[in-house]
2 protein chains.
Amino acid sequence: MGTFSASGLYSTIGRHYTLAEQIVVLRLGHRIPRDLRVTTHVCLTARAFGADGLILADVVDTALEKTILDVRQRFGGNFWIRMGEPWRKTVKEWRSKGGEIAHLTAYGMPLPEAMEAIRASPSPKLVVVGAEKVPGEVFEVATWNVAVTNQPISEVSALALFLDRYFEGKQFSMEFENAEMKIVPSARGKKVVNLTKRGD
Amino acid sequence: MGTFSASGLYSTIGRHYTLAEQIVVLRLGHRIPRDLRVTTHVCLTARAFGADGLILADVVDTALEKTILDVRQRFGGNFWIRMGEPWRKTVKEWRSKGGEIAHLTAYGMPLPEAMEAIRASPSPKLVVVGAEKVPGEVFEVATWNVAVTNQPISEVSALALFLDRYFEGKQFSMEFENAEMKIVPSARGKKVVNLTKRGD
């Protein structure tokens, strides 16, 4: 299969992305403006839990883009967002490059069982999360259909648990490059360091 | 401190709840209709990850109530929802009964550090999750201010990780009583068993 290269596959909104990806989230079924808040939560969770970027299928939502790029500007890191491409095209290209697909659905195999095989594979992973119903075709194209409990939950918490298990909790020790500000953990209150003023 | 009794404290919408609680979620700052979807995700995550119930502070949202009671009807369990009480009253009563409060905030102490003390305490826990900004007072009344990463994420994924660590992954083996239907894990497609037809 060789090295996975994302060049040509991604053009990040705001800047071009050229590094090989390990985990990218594909968000299906986003409706404007109904899903703005939930998809924002999906993006923020993806970013904070170690995903490289998110592809919003089929639609362009400039309000979402603005929110996420603003968070990246302030809190750092390289999380990118890309929008408007038909999801079948994204999936086809991902697979043609040797990438694999984990679709999060309450109907899938339990995460604790599925995760062993997923982590054992070195291929980049496209993690598919839908808003409400997803096309039946998604269950077929997925390498794995994965359930974060077989109960109705939320694509936000499903993604959080998937990434937590995939990266074995790395989100708690991640650092984000080029941040303008950083929260300092406190027992009480809010403590924020402004990094742009450092060394002036 | 004695045994924690929730009687008199909770009257579940739909039926009266009398058992002692271990984990109850308090949702602050819910706005109608803006937060319906996100708060629904908070409720579903709370239910599926082992919380006993959720208190929606200050407002009554009948659309939310309907959605959550419908899920309970179909998928079982005793998850309850209670609405409209001022949050200060809820907090005061909770503390007066010997309960403790974990407030989830990006400004708090890292979950992996905080969790040891939280799990070591036998008292019932009120887990506070806000929508956007919460009153500064909440940071003061909390027993613990807990950060699920010090990054902007989502109260949905914060709650998911908190409950996952608190219950040590019990959400993957939980069974819900009196369910009408149950999802059967599948590698492909959707498999659901209708439990109401069993034994007829």
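Biologist: Are Phe162(A) and Tyr166(A) buried or exposed?
Modeller: Heads-up, this is a predicted model: local features need pLDDT of at least 70, side-chain atom pairs count only at pLDDT 80 or more, and totals for chains, interfaces and linings use all residues. Residues count from 1 along each chain as its sequence is written, chains are lettered from A and ligands numbered from 1 in the order in which they are written, and side-chain values use heavy atoms, leaving out hydrogens and water. With a 1.4 Å probe on protein chains only, buried means under 20% relative accessible area, exposed over 50%, and partly exposed in between. Phe162(A) and Tyr166(A) are both buried.

Biologist: How many aromatic pairs are there over all chains?
Modeller: Rings of Phe, Tyr and Trp (its six-membered ring) pair if their centres lie within 6.5 Å; planes under 30 degrees apart are stacked, over 60 edge-to-face, the rest tilted. Over all chains, the count is 5.

Biologist: Is the pair of Phe162(A) and Tyr166(A) stacked or edge-to-face?
Modeller: Their ring centres are 6.1 Å apart. The planes meet at 5°, so the pair is stacked.

Biologist: What angle lies between the planes of Phe162(B) and Tyr166(B)?
Modeller: These two rings are a stacked pair too, 6.1 Å centre to centre. Their planes make an angle of 10°.

Biologist: What is the relative accessibility of Tyr166(B)?
Modeller: Phe162(B) is buried, with a relative accessible area of 0%. Tyr166(B) also counts as buried, at 6%.
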